[in-house]
Amino acid sequence: QVQLVESGGGLVQSGGSLRLSCAASGSVSTIKGTGWHRQAPGKQRELLAAITASGTVRYADSVKGRFTISRDNSKNTVYLQMNNLRPEDTAVYYCNAIASPAGPTHEFDYWGQGTQVTVSS
C-alpha cells in the first residue's frame, strides 16, 4: 500500500505563488511515477504534471512555464511549485502515484485526499 497526503493549498491573490506537497508513505520504493491533478467545480479532473521514478517530467500545456514538479527522495515527497497563479487555477489539487507493492506486474493507482487552492482576482 501507498498513502499520499497533500498539503500547501490555500488562498492566494492572482499572480501569487504556492507550493504543494505530496508526502508518500508505505511501499514508496515501488512508486513508478507521481502526478498532480486538479478538479474545478463542474469540470473533469485534469493531469497537470507528472514525474517518473527516473526523473522524467511532463506538463500539461495549460501550466507549462508556470508550474514545476520536483521530488525530494529523502523526504518521499513530490512538490508542485505554482507561480503566476490565475483565478482559473482555482480547484482541488490531488496527487496520485502508480506503484506496485504486490510485485512488478501488479500496478495500483493511489490518490491523496486533495488540497484546495483558491486564487482571487
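Ala, Val, Leu, Ile, Met, Phe, Trp, Tyr, Cys and Pro count as nonpolar, Asp, Glu, Lys and Arg as charged, and the others, Gly among them, as polar. The model used in these exercises is predicted.

**Exercise 1.** Describe the second largest pocket by volume, lining and residue class.

Solution.
- Step 1: The second largest pocket holds about 160 Å³ of space.
- Step 2: Its lining consists of 14 residues, and Gly-33, Thr-34, Gly-35, Ala-50 and Arg-58 are the closest to the centre.
- Step 3: Two or more lining residues come from each of E4, E5, strand E6 (57-59) and strand E9 (91-99).
- Step 4: Sort the lining by class: 6 nonpolar, 7 polar and 1 charged.

**Exercise 2.** Describe the largest pocket, and find which element gives the most to its lining.

Solution.
- Step 1: The volume of the largest pocket is about 250 Å³.
- Step 2: 17 residues line the largest pocket; nearest its centre lie Val-28, Ile-31, Thr-34, Arg-71 and Asn-73.
- Step 3: Strand E3 (18-26), strand E4 (31-39), strand E5 (46-52) and strand E8 (77-82) each give two or more residues to this lining.
- Step 4: E4 gives the most, with 4 residues.
- Step 5: The classes are 8 nonpolar, 7 polar and 2 charged.

**Exercise 3.** Locate the disulfide and state what it ties together.

Solution.
- Step 1: The structure has 1 disulfide.
- Step 2: Its partners are Cys-22 and Cys-95, with sulfur atoms 2.1 Å apart, and the cut-off is within 2.5 Å.
- Step 3: The link of Cys-22 and Cys-95 is right-handed, with 70 degrees about the S-S bond.
- Step 4: Cys-22 sits in strand E3 and Cys-95 in strand E9, so the pair ties together parts 73 residues apart in sequence.
- Step 5: Both Cys-22 and Cys-95 are buried.

Definitions and conventions:
Residues numbered from 1 in each chain as written. Predicted model: local features only at pLDDT ≥ 70, side-chain atom pairs only at ≥ 80, totals over all residues. Heavy atoms only, no water. 1 Å grid on protein atoms, 1.4 Å probe; cavity = no way out; pocket = protein on both sides within 12 Å on 5 of 7 lines; lining within 4 Å. Points joined across faces, edges and corners; volume = space filled by probe spheres on them. Buried < 20%, exposed > 50% of the residue type's maximum accessible area, 1.4 Å probe, protein only.
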